[in-house]
Amino acid sequence: MNILYFLIGCSVFLALIFLFAFFWAMKNGQNDDTYTPAVRILFDDELPNENKK
Amino acid sequence: MDNLEIQGQAETLTQCFHCGNDCLEDQFHYDDRNFCCIGCQSVYTILSENQLCNYYVYNTNPGKTQDVKSTHYDYLDEPKIASSLLDYADENVSIITLYIPAIHCSSCLWLLEHLYKINGSIVNSRIDFLKKQVVITFKHKEFSLRELISMLAAIGYEPIISLQDVVKEQNKVSDSDIIKKIAVAGFCFGNVMLLSFPEYFGMAAFEHQFKTFFGWLNLVFATPVVFYSGRDYFISAWKNLRNKILNLDFPLALGIAVMFIRSIYEIGSGTGAGFVDTLCGLVFFLLIGKWVQQRTYHHLSFERDYRSYFPVAVTLISEGIEKPIPIEELKVGNRILIRNNEIIPADTILMKGDALIDFSFVTGESAPVQKVLGEIVYAGGRQINEAIELEVIKPVSQSYLTSLWNNEAFEGKKRKIDTFSDAVSRYFSVALLIIAFGSAAFWMFDDRVKAWQSFTAVLIIACPCALALSSPFTLSAVLSIFDKNKFYLKNTAVVEQMAKINTLVFDKTGTITSPEGFRISFEGNLSHEEQCMISSLARNSGHPLSRELVKWMKINEYFTVSSYQEIPGKGIEGRVNNKMIRIGSASFINIKSEKKDSGTIYIQIGDHYVGYFSFRQCWRPGLKELFTTLGSQLNMHLLSGDQDSEREFLLPAFPWADQMHFNQSPQDKLNYIYALQQKNNKVMMLGDGLNDAGALKQSDLGIAVTDNINNFSPGCDAILDGTGFEKLPNFIQQAKDAMKVIHISFGISTIYNTVGLFFAIQGLLSPLYAAILMPLSTVTIISFTSTATHLFARKNKLT
């Protein structure tokens, strides 16, 4: 059962990685604007009818 | 005389391709498309030349009507002014964040992020849609800031550049700190729960070696929760204790501290598992409640003052040379140039030119005021005639207008709203301490261990978590319900304040009047030809009443007008179809006036006086019902900066004649509110302009009514969109109902606490009970408050 010590250590380590990933995302400003990217992704690069006009 | 209804031309009007408004004048065509005005057409021209017509693909009519503006951006060439606006500048590129209220749809987003197609010197532009901001990186050597702003204005996205930089002030506010604390608390809470389960489910004998290990690991997780996430509760409790205030943070901090200490003791001595999971859960839920309460509106500012109304620069004339300078550098004796549509930033004397000044924002009086040479012109007016020259007699910070803000009455009077939970927590804390010490004293002589156990257990179980959460969750639910109905509150405390209101004060112009303009009627007889003649003449004038008249008459036939003349403050005249037509005030026409107010214009065709148009302000829809409903519950008052010509029209709707006051200066309004408050009234003030700013600030609850929430609104506690005005009684009722919900949920959480106390006093509280009771009460409160609030919202027709 001593393997439990190791497993718990692993799980806490993994969880810490996610916590710091979240901090990094916060610091990077990924949560500053939660609306605009959702709209931006819907734009086509060039709409087909544009150049025909 | 009979009332004549002038019919508009019965034809279907085409819609403007750019903004979707009706094309009243059939003369703006380009690329087989119709436009309502030259402004819209020119925006389209720029976009089509740069292959940016995708703008029109994502949404139909995405543009906004282009008012004819003649804004001068010369001041942006001054390095000192420009550098104060830029976020960053190096040798090659500059970065600026601009606030553009016109941003409203995905087309705006697309266009503003493709600015580089219009000018290659723009490196990058990025929008934050909700904040209505755009961050632009550009090469300032090739493309100056002035050119950038002019280009944005040309395509219909004029940024607001004012003395009070709302953009930068808002970016300072950030909730990232509390989110980090929640993340840490949540992380620890999850892990601690996992590690506590074995203990609760019971462990076999051979597993007992893990018990101490889990216990110590739990303590490791609890440490950051107490000292990082929960830090604010200790700080706040300590500060309040020093000021001799008992608020809810005191029992919370006490509970956290006791739980932590007892857990260390139990785990250290091997006598128990401690309360670590309850502790982490408590802090986690409390922080979520705090975060919910802190929610802010990014696109609104409640702290605006006169500085955000004023421009950043003004044109100075020194030795015959015009030079833009920042407003702060304006000195007494300076001579300044104010062009059409510019705002006068300081108290001045008129030196040159025809001044026709719109003071509606300052006084509430809608008609423009004529000023003669040598007369004092107060700050805040907008020149609506040709350019004028003025001499500054007082610095900007000491003008009559700004003195309203810097009124001594506001100094040191930071309104502290006494919330319900503050009031309750005073008694709560005292009762808690009495029970804790009482039970400790009771066991003291029999069993020392039990005394310590029951003392700590009382403090743990009575930790008012549910109590602390009921206000934030109820009030933030109310906030989001109001938000859907276009009523934006500054913070949650405003809801409580609103429930206590017993007196309502309305401003007139802009608040209870509709933005639709005027209700126009004509007394007299006019043939269709005469109507066309009047319309043809009036459309030459830029006076607001002339414009309203043309818009209202809806006539598409025009005659040529010769020898047109406009006499400011009097009227207009011109020769149409060989007849001299004169439109204007009674003295202009040379007749004895039948009415005195400024809302009447008289018409003379040839030598004959034919009748007059009267302009009545339109009331907001449902105003009468609104007054009736509110009047049955609250004291109603009405203050207006206008003359009392509207009194008789208001009386049927607003029967409290002695509580209706006209000709009120901004200071009068403030004093009136103060007098009401002295009689122990809780006053809610609804106003719109700068003229109400002092009164809004003085009142217990100031609401700015606006028809475009992005427009200027003075500092206030709440912003109400004009379309939500009818629902005012429902809002007030909802606020009162919300207080009911809070009271009930306080009751529920007290029941939970009592049950817990029953075990705690006997020294029987096991960590498991606490671990069940705490989340259970929290979940009950959160679900009860949000369900009840939404049910009340449905009852109040606010969904």
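Biologist: In which helix of chain A is confidence lowest?
Modeller: Confidence is expressed as pLDDT, the predictor's own score for each residue, from 0 to 100, and helices (H or I, at least four residues) and strands (E, at least two) are DSSP runs, numbered from the N terminus. Within chain A, confidence is highest in helix 1 of chain A, at 92. The lowest value, a mean of 46, falls in helix 3 (residues 49-52) of chain A.

Biologist: Which residues are used for the totals for chains, interfaces and linings?
Modeller: Residues are numbered from 1 along each chain as its sequence is written, while chains are lettered from A and ligands numbered from 1 in the order in which they are written. This is a predicted model, in which local features need pLDDT of at least 70 and side-chain atom pairs count only at pLDDT 80 or more, whereas the totals for chains, interfaces and linings use all residues.

Biologist: What percentage of the 53 residues in chain A is buried?
Modeller: Chain A has 3 helices and 0 strands, following the pattern α-α-α along its sequence, and averages a pLDDT of 81, with 83% of the residues scoring at least 70. A residue is called buried if 20 or more other C-beta atoms, placed from the backbone, lie within 10 Å of its own, exposed if 12 or fewer do, and partly exposed in between. By that criterion, the buried share of the 53 residues in chain A is 0%.

Biologist: Which helix of chain A gives the most residues to the side that touches chain B?
Modeller: Contact here requires that the C-beta atoms of two residues, placed from the backbone, lie within 7 Å, and on that basis 16 residues of chain A are in contact with 18 residues of chain B. On the chain A side, helix 1 (3-27) and helix 2 (36-40) each supply at least two residues. That side is made up of 11 nonpolar, 1 polar and 4 charged residues, where Ala, Val, Leu, Ile, Met, Phe, Trp, Tyr, Cys and Pro count as nonpolar, Asp, Glu, Lys and Arg as charged, and the others, Gly among them, as polar. With 7 residues, the element of chain A that gives the most is helix 1.

Biologist: What percentage of the 799 residues of chain B counts as buried?
Modeller: Chain B contains 26 helices and 29 strands. Among its contacts between residues at least 6 apart in sequence, 67% join residues at least 24 apart. Of the 799 residues of chain B, the fraction that counts as buried is 43%.

Biologist: What distance separates the centres of domain 4 of chain B and domain 5 of chain B?
Modeller: An automatic or database domain assignment sets the bounds, and the domains of chain B include domain 4 (311-410) and domain 5 (475-514 + 620-736). Taken over C-alpha atoms, the centres of these two domains of chain B are separated by 29 Å.

Biologist: Why is B:I81 classed as partly exposed?
Modeller: B:I81 is located in helix 3 (residues 79-85) of chain B. Not counting residues up to four places away in sequence, it touches B:Y75, B:L76, B:V312, B:A313 and B:P326. B:I81 is partly exposed because the number of other C-beta atoms within 10 Å is 19.

Biologist: Which residues of strand 10 of chain B point to one face and are buried?
Modeller: Two strands are taken to pair if DSSP finds at least two bridges between them, and strand 10 (residues 335-338) of chain B runs antiparallel to strand 8 (residues 313-318) of chain B, with 2 bridges, and to strand 16 (residues 388-392) of chain B, with 4. B:L337 is the bridge partner of B:T315, and B:R335 has B:E391 as its partner in strand 16 of chain B.
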